[in-house]
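Please look over the sequence and the structure shown here before reading on.

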Amino acid sequence: MKKIFLFACVASSLMASAQMKEGKVVYERTLQMRMRVSNPELAERIPQSRTDQFELLFANNQSLWQYLPQADENDGTVSANGMVFRMAGNNNDIVFTSLTDRKRVDQRELFDRQYLVEDSLRSLSWKLSDETKSILGYTARKATAERIGVRSQMTMENGEMKRQELPDTSMITAWFTTDIPVAVGPQEFQGQLPGLILELDQNKGRIVYKAVEVSPKVKVADIKEPKKGKRMSQEAFAKERDQLMQEMQKNIPAGRSIRNSSFN
């Protein structure tokens, strides 16, 4: 009996030591498009959803989130009446996270300008469930949270662009695995749960992330803080973004605006 107990302890220890502490995850993100446009020609051209791939690299309590270009990808634009809109949105953004320092640095592109936006990690109040399911061979546990914040709504009417901040409550469902005991996941969801997030749903399907590949192979040297861009806080970036939007509004030629349209 003692031998059996000892064997179980040794096996448990080996399994724990074999758990992944570094690796790479490929996610598919499906985004439901929420663009209200009164222009019938443009409305017909806008897809109802868009799916892109991203990769998450993690090691040494750090992570890097970035877009994965696809060989058959178009440029993600639609056009009508001389106006061109890019639907991909933020695919050039890079998110670097240090779990040890509880900080993140985002490399963002806005109107062909590069920014480095610094912020601290903020944890949500997660409710853990006993519900589990298998994802890519890993046992994943369900967790839910509510995120209260604001969202920007931009409207253009009669050639005038306006941005309005509206209250926004996001219902989030995540499936994480302690088989990979690293607190990382898609996009900004770093340092949240005691295991890798394999799936995440925001607002009942509005944005869905699904891991399609998990690998222990990663080039650790690639996980580093981005350096390209003007460094600023999240608050300063929001102010500069609004200022650039106002400047863009002034430069829109007469008659080239889209009326009664909004972007959420």
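## A buried serine

The side chains of Ser-63 and Gln-190 are joined by a polar contact of 3.2 Å. The model in which this pair is found is a predicted one. Ser-63 lies in strand β4. With a relative accessibility of 1%, Ser-63 is buried, because burial is assigned under 20%.

Beyond its neighbours within four places in sequence, Ser-63 is in contact with Leu-56, Leu-57 and Phe-58, with Val-95, Phe-96 and Thr-97, and with Val-184, Gln-190 and Ile-223. Gln-190 is therefore both a contact of Ser-63 and its partner in the polar pair, while Ser-63 itself is buried at 1% relative accessibility.

In soluble globular proteins, nonpolar side chains tend to be buried together. In this model the largest nonpolar core has 34 residues, and those touching the most other members are Val-25, Tyr-27, Trp-126, Ile-180, Leu-196 and Leu-198. Two or more residues of this core come from each of the strands β1 (23–32), β3 (49–59), β4 (62–68), β11 (138–157), β12 (160–177), β13 (196–202) and β14 (207–215).

Ile-180 illustrates the contacts made by a member of the largest core. Residues up to four places away in sequence aside, Ile-180 touches Met-20, Phe-58, Tyr-138, Gly-195, Leu-196 and Val-214.

## Salt bridges

Side chains of opposite charge can pair when their charged atoms come close. The structure contains 14 salt bridges. One of them pairs Arg-108 with Asp-106, with 3.2 Å between the closest N and O atoms. Are the two partners buried or exposed? Arg-108 is buried at 18% relative accessibility, and Asp-106 is buried at 4%.

A further salt bridge joins the side chains of Arg-122 and Asp-119, at 2.8 Å from N to O. Here Arg-122 is exposed, at 52% relative accessibility, whereas Asp-119 is partly exposed, at 21%. Arg-241 and Asp-242 also meet through their side chains in a salt bridge, at 3.4 Å from N to O. Of this pair, Arg-241 is buried at 19% relative accessibility, and Asp-242 is partly exposed at 27%.

Terms used. Residues numbered from 1 in each chain as written. Predicted model: local features only at pLDDT ≥ 70, side-chain atom pairs only at ≥ 80, totals over all residues. Heavy atoms only, no water. Salt bridge = Lys/Arg side-chain N within 4 Å of Asp/Glu carboxyl O. Buried < 20%, exposed > 50% of the residue type's maximum accessible area, 1.4 Å probe, protein only. Core = buried A, V, L, I, M, F, W, Y, C linked by side-chain atoms within 4.5 Å. Helix = DSSP H or I, 4+ residues; strand = E, 2+ residues; numbered from the N terminus. Contact = heavy atoms within 4.5 Å. Polar contact = N/O pair within 3.5 Å; in protein donor to acceptor, adjacent residues only side chain to side chain.
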